[in-house]
Amino acid sequence: MWEANTLNVDREFEALVVRNQDWLLRFAKGFVRDHQVAEDIVQETLLRAFRAYSGYEDRGRERHWLIALARHVALNHLNERSRRCEVNLYGSGEDTVNPEDFILSPALSAEEIALADELTRRVLEAIRNLPDGQRTTFY
């Protein structure tokens, strides 16, 4: 009996996904403006919905429920993205320093040492500009 009920719930949820995945993707793209990220948001939304589906009783309002879940997932993504700080340590243009160039170099020339020193200076400057909580990770 339990197995038949579980199979019913699985089929109901599969039908819910088929009915709602297209508009959920459009909804998520409205938040993030990036198709790949929107797909990730829809996937996370449907995963959360699946985990909670067996206890979900208001079957007539599933669209509202999915909107609330998707909005929550999208806002979490946007909040996480806004907290991340990215710094381009390589500079720009032709004078770009690539740290991988120094990893297995047998003997560095004076120019390479100067470039390595410049990269080190940029890294330390970027670390100094981090908020206190993030900066302590490096010290």
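**Close-up views of aromatic pairs and salt bridges**

View 1. Glu 118 and Arg 122 both belong to helix H5 (residues 110-128), where they stand four residues apart, about one turn of the helix. In this predicted model, the two residues form a salt bridge whose closest N and O atoms are 3.2 Å apart. Glu 118 is partly exposed, at 25% relative accessibility, and Arg 122 is also partly exposed, with a relative accessible area of 24%.

**View 2. A salt bridge within helix H2.** Three salt bridges are counted in the structure. One of them joins the side chains of Glu 44 and Arg 48, with a distance of 2.9 Å from N to O. Both residues lie in helix H2, four residues apart, about one turn of the helix. Glu 44 has 27% relative accessibility and counts as partly exposed; Arg 48, at 29%, is likewise partly exposed.

View 3. Glu 62 and Arg 19 form a salt bridge in which the closest N and O atoms are 2.3 Å apart. Because Glu 62 lies in helix H3 (residues 62-83) and Arg 19 in helix H1, the pair ties together parts that are 43 residues apart in sequence. Glu 62 is buried, with a relative accessible area of 11%, whereas Arg 19 is partly exposed at 48% relative accessibility.

View 4. Four aromatic pairs are found in a search of the whole structure. Phe 13 is buried at 7% relative accessibility, and Tyr 53 is buried with a relative accessible area of 2%. Phe 13 and Tyr 53 belong to one aromatic cluster that also includes Phe 50 and Trp 65.

**View 5. An aromatic pair within helix H1.** The rings of Phe 27 and Phe 31 form an edge-to-face pair, 5.4 Å centre to centre, with 65 degrees between the planes. Both residues lie in helix H1, four residues apart, about one turn of the helix. Phe 27 is partly exposed at 22% relative accessibility, as is Phe 31 at 28%.

**View 6. An arginine over a tryptophan ring.** Arg 63 lies over the face of Trp 23, at 4.0 Å from the ring centre.

Note on methods:
Residues numbered from 1 in each chain as written. Predicted model: local features only at pLDDT ≥ 70, side-chain atom pairs only at ≥ 80, totals over all residues. Heavy atoms only, no water. Phe/Tyr/Trp six-rings, centres within 6.5 Å; stacked < 30°, edge-to-face > 60°. Buried < 20%, exposed > 50% of the residue type's maximum accessible area, 1.4 Å probe, protein only. Helix = DSSP H or I, 4+ residues; strand = E, 2+ residues; numbered from the N terminus. Lys NZ or Arg CZ within 6 Å of the ring centre and 35° of its normal. Salt bridge = Lys/Arg side-chain N within 4 Å of Asp/Glu carboxyl O.
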